[in-house]
Amino acid sequence: MVEDFSSIWQRAAERKGGDAALQHLLSTPLSSEHLAGISDDRWLSAFTKTIFQSGFVWRVVEDKWPNFEQAFFDFDPEKMLMLDDSHIERLCNDASIIRNRQKIITVPHNAQMILDLAKEHGSFGKFVAQWPSDDIVGLWLLLKKQGARLGGNSASYALRRMGKDTFILSNDVVAYLVNRGVVNKAPTSIKGLKAVQEVFNGWQLQSSLPLAAISQTVAYSIGENYL
């Protein structure tokens, strides 16, 4: 059985030096208005960066990112749909970026997804902004289904990077959920993800904190003497 969030908060605060110190560590998501104003190219850039950082040294990707922006024309989705085989081949031989073909070819695929959703909702940012936090796993699943290489934690990391409120199933958070019998492993099924969503929804009702702050607090509450 999961704990009341107040117990989790107290344990995390004790480990991090008090309530104020813990609060200082927590993320603050953007408002819906700010999210809605983010241009489609920035979403494609964020998804692509997260995909390239997955399973790779994040700092290396970060250092090379200005080269990525130049090589991919600032991730303009319309331009990315025009990438033909010869252009992709040039990108795969461009030493200024990371030459991973399977990740490079996700760019036009995810550009198409962004444009499709933008056409339906006015912009991709507006689509993300209106998605309810009490079903954030539904957004993860949609991005996984319609996008490329956005499964696992990729969608949640990219969304949080852009300011959308979301919890993240980090190793510590999963360890807590397994210890408390919510899931028996890192959840990937719809059933498992919805069970986790219900727990976070309950904690949000108790605390009035964003999902991001809640999952960070859970992670900070984990110590060697707990699990």
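**Figure 1. The whole chain, seen as a predicted model.** Of the 227 residues of the protein chain, 48% count as buried, where buried means under 20% relative accessible area, exposed means over 50%, and partly exposed lies in between (1.4 Å probe, protein chains only). This is a predicted model, in which local features need pLDDT of at least 70 and side-chain atom pairs count only at pLDDT 80 or more, while totals for chains, interfaces and linings use all residues. Residues are numbered from 1 along each chain as its sequence is written, and side-chain values use heavy atoms, with hydrogens and water left out. If you look for secondary structure, you will find 15 helices and 0 strands; helices (H or I, at least four residues) and strands (E, at least two) are DSSP runs, numbered from the N terminus.

**Figure 2. The overall shape of the chain.** Along the principal axes, the C-alpha atoms fill a box of roughly 55 × 35 × 35 Å. Contact means heavy atoms within 4.5 Å. Among contacts between residues at least 6 apart in sequence, 69% join residues at least 24 apart.

**Figure 3. Phe72 in the largest nonpolar core.** A nonpolar core is a set of buried Ala, Val, Leu, Ile, Met, Phe, Trp, Tyr and Cys residues joined through side-chain atoms within 4.5 Å. The largest one here has 70 residues, and Trp43, Phe72 and Leu143 have the most contacts inside it. Which residues does Phe72 contact, leaving aside its neighbours within four places in sequence? They are Met80, Leu83, Leu91, Ile97, Ile104 and Val107.

Figure 4. Glu69 belongs to helix H5, which covers residues 58–71. Is Glu69 buried or exposed? Glu69 is buried, because its relative accessible area is 12%. Not counting residues up to four places away in sequence, Glu69 touches Arg42, Ser45, Asp74 and Phe75.

Figure 5. Most residues other than glycine have a negative phi. Phe73, although not a glycine, has a positive phi of about 50 degrees, and Phe75, also not a glycine, has a positive phi of about 60 degrees. Phe73 sits in the loop between H5 and helix H6 (77–80), and Phe75 is found in the loop between H5 and H6.

**Figure 6. Ala175 in helix H13.** Helix H13 spans residues 171–179 and includes Ala175. Ala175 is partly exposed, since its relative accessible area is 24%. How far is Ala175 from Thr50, C-alpha to C-alpha? The two C-alpha atoms are separated by 23 Å, while the residues are 125 apart along the chain.

**Figure 7. Gly202 in helix H14.** Look along helix H14 (residues 190–207) to find Gly202. Gly202 counts as partly exposed, at 24% relative accessibility. Gly202 and Asn179 lie 18 Å apart in space, C-alpha to C-alpha, and 23 residues apart in sequence.
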